[in-house]
Amino acid sequence: MADQERKLNAFPVFMRVQNRAVVIVGNGEEALAKCRLIAQSSAVLRVVAGAPEAALARWIVDNGAEHIAGKYEAAHLKDAILVFAATGEENLDRRIVSDARKSNIPANAVDRPELCNFYTPALVNRAPVAVAIGTEGAGPVLAQMIRAKIDRLLAPSLGAAAILAASYRVAAEKLLPRGNTRRRFWKAFFSGDVSDAVALGDLSSARRAATRLLRSAGDLQGHVALVGAGPGAEDLLTLRAQRLLMEADVIVHDALVPEAVVAMGRRDAERLAAGKRKGCHSKTQEQINALLVELASRGKRVVRLKSGDPLVFGRAGEEMQALRDAGISYEVVPGITAAFAAAADFELPLTLRGVASSMVFTTGHDLKGQSLPDWAKLAVSGATVAVYMGRTVAADVSTRLAEAGLSPDTAVAVVENASRPDARLFHGTLNDLPSLADRDDLDGPVMTIIGDAVAGANLEKSNPLARRKAAIAA
Ligand code: SAH
C-alpha cells in the first residue's frame, strides 16, 4: 500500500485531564515510569500500590500523589479518567482493564498491547505545546529517537512563547485581517524579537516587541537568512540552519549545495537555484542581490543557502550590502567551511604544535599579478594554506609559492567532494600540484591544503597526486 493510503490503527488525540484522577496500579518500575509520564500533566495521580518498591514509594511522597496502600479493588477506579495497569501480573492487569471498561474508563496495560484502549506516546513537553509520538507499539526505540530529534529542534522557551501568544490571540484577530497578514504576524511572533526575548526570559521586552509587531503587522517585512549549508553532508548542517530551512518561504541555493540538503527545507517552500558553478553562471551576482531584495520586500522569509560558510568566498558581502541598502533585515548563520571538512577527511591538523600556528584561506586567483600577495609570505613562514577554487590555478599556485621561497617538497593534500560519500583524497608535494589542473577525472569541488602541517595527515585513504606513468607492459 502506498504510504499516504496507510491507515492509523491508533488515532492521536489530546485528552483533558486537568484536576481529574488518573489511576496507576502497580508496585514497581513500570508504575513509576507511568507516574513520571502522567505527572507532566495537571491530572491528579492516584497510585494503587500495596507494596511499592522503594523508588516508587519515595516518588509518591516527593510528588504528593494520592497513595492507596492496600490491595487493588474496582472501587479504586472511581471517577478516574484514565487507568494504567502496571502490576506485571497478567491476570490482575486483565481484571483492572476489565473493571475500567465496565465504567467506560480508557485503560492501558503496560506491555500488553492487546489489552490497551490507548497507547502512551513518547512526549516532547513544552506545555502548553506538546508533541506526542506514537508507533502503535511497533518501535519504542524509534519513538525515543524521534523524540530526541524533535526535542533538539524546539526551543526550551517555546511553551512560554505559546502562553504569551494566547494572550495576543484576541487582539490579533481583531486587528489583523484573516489570511496572509495574520499568518505572517504569528510566524514573526514565533521566530523574531518576541521569541528571542522570551528565550532570554525577558517577558516585558517580549510583550513590547509583540505589541510593536502587532502595530506594524499590516506592513510586515520579509527577512533573509544567509545560511551556511556546510560542505555537502546533510548532517553537517547546523541545527539553526535546519530550523531556518523548515521556516523558509523561499530557498535560494547555489549549485554547489547538494539536492539532499536543499530538500531539508519546508516542503512547500519555493526553491530557486542561483547557479554559479564555474563556467555556467545562471544568474549574475547583481541578479541574485536583486532577487533577494525583491523576495524579502514581498514579505517572504528567504533562506539564502550557500555551500560551506556563507562568509568564506561566498560573496555574502555584496548580498548583505544590497539588503542593508534596501533596509531589509537579515542574519548570518555560519556553516562548516570546505577547508575544515577536507581537513577532517584527511585527519589533518590545520594547526600543529611547533609546526604551524596560523592558517590562510585563499583562492590562488590573486597570484597572477606582478607582486606576490601577503599570504605567500605567510606560507613561507609556516602557515597552513587552504586554497578554494584552486584547481585551474594549481600550476600558478605551485610556481609562485616556490618563487616566494617555499620548498618544492612542502606537503600538499587535495580533497575532492570533502565530507561526501564520494570524497577522494590525494597527497603529494608542491612540485606535484600543477598536475591537479590536468586531472579531468575530478569533477566535484576540490580543496587544496598546503603546508608542513599536512605531514600530520593520515594518508591511508589517499592516493598520490601525481599519476606516475604506468610501466609499459612488454
Ligand atoms: N563558502 C564555501 C566556499 C565557496 S567557493 C565554503 O565555505 O566552503 C567554492 C569552493 O569551495 C570550491 O571551488 C572548492 O574549492 C571549495 N569546496 C566547496 N565544497 C567543497 C567540498 N565538499 N569539497 C572540497 N572543496 C569544496
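Here are some worked exercises on this predicted model.

**Exercise 1. Domains**

Into which domains is the chain divided, and what distance separates the centres of domain 1 and domain 2?

*Solution.* Start with the bounds: domain 1 covers 19-120, domain 2 covers 158-216, domain 3 covers 223-336 and domain 4 covers 339-473. Next, take the centres over C-alpha atoms: those of domain 1 and domain 2 are 40 Å apart.

**Exercise 2. Helices α1 and α2**

Are helix α1 and helix α2 roughly parallel or roughly antiparallel to each other?

*Solution.* A pair like this calls for two quantities.

1. Two packed helices are described by the angle between their axes and the distance between the axes.
2. For α1 (residues 29-38) and α2 (residues 54-62), the axes come within 9 Å and cross at roughly 25°.
3. Angles under 35 degrees count as roughly parallel, and α1 and α2 are therefore roughly parallel to each other.
4. The crossing of α1 past α2 is left-handed.
5. On the α1 side the contact uses A31, L32, C35 and R36, and on the α2 side A55, L56 and W59.
6. Sorted by class, this contact has six nonpolar residues, no polar ones and one charged.

**Exercise 3. Helices α5 and α8**

Now try another pair: which hand does the crossing of α5 and α8 have, and which residues meet there?

*Solution.* Begin with the geometry again.

1. The axes of α5 (residues 158-175) and α8 (residues 203-216) come within 11 Å, crossing at roughly 20°.
2. That angle makes α5 roughly parallel to α8.
3. The crossing of α5 and α8 is right-handed.
4. From α5, L164, Y168, A171, A172 and L175 meet A206, R207, A210, T211 and L214 of α8.
5. By class, the contact of α5 with α8 has eight nonpolar residues, one polar and one charged.

**Exercise 4. Valine 124**

Is V124 buried or exposed, and what does V124 contact?

*Solution.* First place the residue: V124 sits in strand β6 (residues 122-126). Buried means under 20% relative accessible area, so V124, at 1% relative accessibility, counts as buried. Setting aside neighbours within four places in sequence, V124 contacts V129, A130, V131, I133, R147, I150, D151 and L154.

**Exercise 5. Helix α13**

Which residues of α13 are buried, and which strands do they pack against?

*Solution.* In α13 (residues 338-346), the buried residues are A339, A341, A342, A343 and F346. The buried residues of α13 pack against β13 (359-362), β14 (384-387), β15 (411-416), β16 (424-429), β17 (446-450) and β18 (462-464).

Note on methods:
Residues numbered from 1 in each chain as written. Predicted model: local features only at pLDDT ≥ 70, side-chain atom pairs only at ≥ 80, totals over all residues. Heavy atoms only, no water. Domains from an automatic or database assignment. Buried < 20%, exposed > 50% of the residue type's maximum accessible area, 1.4 Å probe, protein only. Helix = DSSP H or I, 4+ residues; strand = E, 2+ residues; numbered from the N terminus. Contact = heavy atoms within 4.5 Å. Axes fitted to C-alpha atoms, helices over the stretch in contact; angles between N-to-C directions. Parallel < 35°, antiparallel > 145°, perpendicular 65-115°, else oblique. Left-handed = near helix turned anticlockwise from the far one by under 90°. Nonpolar A, V, L, I, M, F, W, Y, C, P; charged D, E, K, R; others polar.
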